[in-house]
Amino acid sequence: MLLTVLTTVSRWAIPLLLLLIPLYGFCKGVAVYESFVEGAEEGFYTAIKIIPFLVGMMVAISVFRASGAMDYLVGALRPFMAAIGAPPEVLPLAVMRPLSGSGALGLATELMRVYGPDSMIGRLASVMQGTTDTTFFVLTVYFGSVGIKRFKYAVITGLSADITGLLASVYICNLLFK
Amino acid sequence: MLNIIWLLLLASGIVVAAINGNVEVVTEAALEAAKGAVQVCFDLIGIMALWLGIMKIAEKAGMIQGLASILKPLLRRLFPSVPSNDPAMGAIILNLSANMLGLGNAATPFGMKAMQELQRLNHDKPEASAAMCTFMALNTSCITLIPATIIGIRLAFLSANPTEIVGACIFATSCAMIIAVSLDYWFRKHSRWGGKN
């Protein structure tokens, strides 16, 4: 039941937006096609503008990951995971989540393939993946697109949200699925 | 802050690779990532153009301002420095709604549009304004009502109940959001980074 509702909403959301906005605009007397092109042109420049920011961030994250430094961080955090009652297998995912969206998705998929989606690990991985965001990607891209170089406390707030999301995921999964 | 994190990621990676005796991994990872980053941006061009085009229509039809006025009471508290009928508010709402519906590729262009509008109101251009930090706090911790990707993966691995995690996700993101918004509020009011901007 829930699945049908959710898949219906996600299937229809984009087609409906693409239909209703231009239709409403047309009724309001907006030159829809010309306005579309005008807006689309901005999209081009915005996407180009974030390249330097994204190159900087992705290179640093990739070096950190490929060199094995991330594995050391995971190793160092292992006792912490045991203390909060989480299986250590999900730790790489927790560390990867704020750094790289595709990397985290890959890890979550792998955990579900190995342990099964209905295992404790599979469920926890699902909740963690669905909860926290790729903080570094979001900050880099959003601030980069307008040329902000000093992020102030946004990094701390974003990472605190990630850590809270992780702790809350472990807590709720232990409560619901154990 | 970011300067330190960036340097730490790079430096620790290179040191660890050197100790392990495989420095060449660094070269390969760095060059591949640089190429990959540009690829990501190129993939974004089309999606950005599509959504910002649609958004321009919505803006001219007055829909963005309309959205902003519906949620005015809430937004005025969260973003005290942004005039309540400003187009920035509309873009912020569109971004958060797209996030909640799990429409990742629509959320990014709306978010960038919101940033551009906030930058227009920013007094100290290279530095993030308080409103931008609040927007980022909301954005990175935003509740996802439909985590479509993860449900898809669970379905692919034959889960008996692919959507059972939705409630848990909503609980966990709500916790994250409360912490993010409270911390942001505290920083805005009490830290040396705070102030009017």
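Predicted model: local features only at pLDDT ≥ 70, side-chain atom pairs only at ≥ 80, totals over all residues.
Local features need pLDDT of at least 70, side-chain atom pairs count only at pLDDT 80 or more, and totals for chains, interfaces and linings use all residues. Residues are numbered from 1 along each chain as its sequence is written, with chains lettered from A in the order in which they are written.

**View 1. The fold of chain B.** Chain B has nine helices and zero strands (DSSP runs, H or I of at least four residues for helices, E of at least two for strands, numbered from the N terminus). Its C-alpha trace spans about 60 × 50 × 35 Å along the principal axes. Of its 197 residues, 50% are buried (20 or more other C-beta atoms within 10 Å of the residue's own, C-beta atoms being placed from the backbone).

**View 2. The side of chain B that touches chain A.** Here 91 residues of chain B are in contact with 88 residues of chain A (C-beta atoms, placed from the backbone, within 7 Å). H2(B) gives the largest share, 25 residues. By class, this side has 65 nonpolar, 20 polar and six charged residues (nonpolar: Ala, Val, Leu, Ile, Met, Phe, Trp, Tyr, Cys and Pro; charged: Asp, Glu, Lys and Arg; polar: the others, Gly among them).

**View 3. Helix H7 against helix H9 in chain A.** H7 (residues 120-131) and H9 (residues 154-177) of chain A pack at an angle of about 140°, their axes 9 Å apart (lines fitted to C-alpha atoms over the stretch in contact, with angles from 0 to 180 degrees between N-to-C directions). Contact residues include Leu124(A) of H7(A) and Phe177(A) of H9(A). By class, nine are nonpolar, three polar and one charged.

Terms used. Buried ≥ 20, exposed ≤ 12 C-beta atoms within 10 Å, placed from the backbone. Contact = placed C-beta atoms within 7 Å.
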